[in-house]
Amino acid sequence: MLRLLSFALFIATWWIASLLIGDAKLPAPPVVLAVLIAEARSGALFVNLGATLARVALAFTLAMALGSAIGYLMGRVSLANRLGDPWLILLLNLPALVVIVLAYIWAGLTEVAAIAAIAINKLPTAVVTLREGARALDPALDEMATAFALPRGRAFRHVILPQLAPYIAAAARSGLSLVWKIVLVAEYLGRPNGVGFEIGVAFQLFDIPLLLAYSLSFAGVVLVIETLLVQPFETKLTRWRLRAA
């Protein structure tokens, strides 16, 4: 109910602001809704949303897999941490725009370049989070696994992975929020479809209703995924932790 109230308050504020500013700069909700319905009927909305979601899924999966492995290695092996730390600092502070532009220059305006650029921008946040998780592992549990002669696979699954679960959830949430932003920039600069591409077209044409229609539809998809997938996933991984009343 509180979320519905918040949504209603947003619509009311938007409508009032539209009346005060004028439709030329801020179209009223019915105008944007009409454009949204027209894009949905033509199929363009679903094609572009699908293209964006596919890029998000591929880049996120790639970055989480590599980032988790590298972060765990850096947290457990001192030599790997010393070798990788300078590169990690560089990637953390390198602007996303630079990575995307260089990827397009070196690999061309291709799907591989876009996904690689998005994944590289997300990679260091996953590495940092999992490195801290690996450093926080309880050595007593490692000793217990050794004492009971647990195979490495079982020890990793039943001893190490549960301790890393909160860090994996944190890396997934923060990384996904970053990927949502970067994918639009990558599409705007070098892809022929996707929400970012359509927002760029709307900007060039000064078509504010189209721009808002795609922006709000994208925001709606993000909220649905966050509510139905990310939050339950995080709750499941951290269900063993004590929570404040």
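Where does Phe206 lie? Select this residue to start: Phe206 sits in the loop between helix H9 (195–204) and H10. Helices here are DSSP runs of H or I with at least four residues, strands are E runs of at least two, and both are numbered from the N terminus.

Before moving on, a word about the model: it is predicted, so local features need pLDDT of at least 70 and side-chain atom pairs count only at pLDDT 80 or more, while totals for chains, interfaces and linings use all residues. Residues are numbered from 1 along each chain as its sequence is written, and side-chain values use heavy atoms, leaving out hydrogens and water.

**Stop 1: Phe206**

Phe206 counts as exposed, at 71% relative accessibility (exposed is over 50% relative accessible area, buried under 20%, partly exposed in between, with a 1.4 Å probe and protein chains only). Its phi is near 55°, a positive value in a residue other than glycine. Most residues other than glycine have a negative phi.

**Stop 2: Ser217**

Next, select Ser217, which is in helix H10 (residues 208–237). Ser217 is buried, with a relative accessible area of 13%. Show its surroundings and you will find that Ser217 touches Leu36, Leu45 and Leu49, leaving aside residues up to four places away in sequence (contact means heavy atoms within 4.5 Å).

**Stop 3: H5 and H6**

Select H5 (residues 96–107) and H6 (residues 111–135), whose axes come within 9 Å and cross at roughly 150°. Axes are lines fitted to C-alpha atoms, for helices over the stretch in contact, and angles run from 0 to 180 degrees between N-to-C directions. That makes H5 roughly antiparallel to H6 (an angle over 145 degrees). Among the residues that meet are Ala96, Val99 and Tyr104 in H5, and Ala113, Ile120 and Asn121 in H6. The residues of this contact divide into ten nonpolar, one polar and no charged.

**Stop 4: H7 and H8**

Move on to H7 (residues 139–147) and H8 (residues 152–190), where the axes come within 11 Å and cross at roughly 175°. H7 and H8 are therefore roughly antiparallel to each other. Show Leu141, Asp142, Met144 and Ala145 in H7, which meet Ala155, Val159, Ile160 and Gln163 in H8.

**Last stop: residues 49–229**

Finally, select residues 49–229. Over this range the chain is 89% helix and 0% strand, and the end C-alpha atoms are 18 Å apart.

Key. Parallel < 35°, antiparallel > 145°, perpendicular 65-115°, else oblique. Nonpolar A, V, L, I, M, F, W, Y, C, P; charged D, E, K, R; others polar.
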